[in-house]
Amino acid sequence: MILPVNNQNHTPFFSAKKQNKNEKDYTHDTLLPNNLSTRMRIGMDKFTNAITLYSAKGFKGSRNANFYEFLTMGQIPYLIGSGMLMAVFNAANKHYNLFDQPSAKALGNKMALGVVLYALLKSASKPLVTAPVHWITGIDTERPYAKVNYELPDDIYDTDITNIEYHKVFESVDFSRWDLLLMDPKSGKPRNDRYDKIAKRLGMGTNLKDSDQEVKPRIKEIVEKTSAAKSITSYLWAAAGVALAFQKPWESYFNVATLKFWDTKKFGHSMKILGESFVKSAKALYKGDGNKYKHAGKFMIFTPLTATVLGVLNVMRSEHKPSKLDSADIIEKERKYVVN
């Protein structure tokens, strides 16, 4: 018989065999550090599971397939669609005459590069909002955690029922995992240590009796505003990436581009030209080509930059400001009060 499980940060679950032997042996929902190595490991784990385990479960109609796995498999059509776009842009080049082929090839390469830069800048621009918010408020809106699920066995001999999902503490504003932010008693720190630090950063005071309850409304507000700013600015930066990809200096890189990394001389030279082409293309986008659209590049650069700054400033503006009034400022000791 399986007994009810108390899903707290430091309460262990019953043991079970893991699906992925290479994963860390999580026995309960575990808060993870938000650093580059963790993000890369989570990304690789989700991608490999999406193309293998989750896809197999979906095609088989497994009763253990869930919405998290469905969303994770969204990477597959995204990557396939991107690859098809890049291929379509260059598929017709061979059908042009010899005079037109170089121009068609240059345009196709720029379109393919636009797909790549769109995806890269859309993803890479998000920390431009979340990192300053974390630094100023102490609230890491992207903090990940490993969630332990126990699935139904597919047959009576199946003991491999543990499944690890990677979520974020503030993935849901209404159902945030507040319990994971509480400190482990073994750490020797106060239970509300993280909340105490956030309250201090937000100017809500120190030594609060219930700091977690005091700062939760403010955290929710910050998470909501950060999420909105991150979504809006990421698409603006992605558009800037597409504009950057269509600059003429990229043609110098396309002429020497190679993926043969084992040929260190040619590959190293292509990487050098890649860096130079990026710098020259950024300058070309900023300066314009001298025609009536010469300021369009500045607009494409400063629009996402301004939106990012305004988004962070908006996060800092709050309607949940702590009251500076004390009970002594409200209650007049000379008067009598009756409580009904």
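Select helix H1 (residues 36–60) first: H1 lies across strands E2 and E3, and runs at about 130° to E3. Helices (H or I, at least four residues) and strands (E, at least two) are DSSP runs, numbered from the N terminus. The angle is taken between N-to-C directions on a scale from 0 to 180 degrees, using axes that are lines fitted to C-alpha atoms, for helices over the stretch in contact. Contact means heavy atoms within 4.5 Å.

The model is predicted, so local features need pLDDT of at least 70 and side-chain atom pairs count only at pLDDT 80 or more, while totals for chains, interfaces and linings use all residues. Residues are numbered from 1 along each chain as its sequence is written, and side-chain values use heavy atoms, with hydrogens and water left out.

**The whole protein**

Zoom out. The protein has 11 helices and three strands. From the N terminus on, the elements run β-α-α-α-α-α-β-β-α-α-α-α-α-α. Of the 340 residues, 34% are buried, where buried means under 20% relative accessible area, exposed over 50%, and partly exposed in between (1.4 Å probe, protein chains only). Among contacts with a separation of 6 or more, 64% are between residues 24 or more positions apart. The accessible surface comes to about 22,100 Å², and carbon and sulfur atoms hold 62% of it; the areas come from the Shrake-Rupley method with a 1.4 Å probe, and for residues only the protein chains shown count as cover.

**The sheet**

Now select the three strands. They form an open sheet in the order E1-E2-E3, with antiparallel pairing. Strand E1 (30–31) and strand E3 (162–168) are the edge strands, each pairing on one side only. Two strands pair if DSSP finds at least two bridges between them.

Start with E1 and strand E2 (residues 144–150), which run antiparallel and are joined by two bridges. Pick threonine 30 and look across to E2: the bridge partner there is alanine 146. Then move to the other pairing, where E2 and E3 are antiparallel over seven bridges.

Why is E2 largely enclosed by the rest of the structure? Five of its seven residues are buried.

**Two buried residues**

Select threonine 141, in the loop between helix H5 (127–137) and E2. Threonine 141 has a relative accessible area of 6%, so it is buried. Show its neighbours: leaving out residues up to four places away in sequence, threonine 141 touches Thr130, Phe170, Val223 and Thr226. Its C-alpha atom is separated by 9.0 Å from that of isoleucine 219, which is 78 residues away along the chain.

Next, find lysine 216 in helix H7 (residues 211–245). Is lysine 216 buried or exposed? Lysine 216 is buried, at a relative accessible area of 18%. With residues up to four places away in sequence not counted, lysine 216 touches Trp178 and Tyr195.

**Helix H4**

Finish at helix H4 (residues 101–124). At 1.5 Å a residue, its 24 residues should span 34 Å, and its end C-alpha atoms are 34 Å apart, which agrees. The expected span is 1.5 Å times one less than the number of residues. Colour the buried residues of H4, including Ala104, Gly108, Asn109, Leu113 and Lys122. What covers them includes helix H3 (75–91), H7 and helix H8 (250–256).
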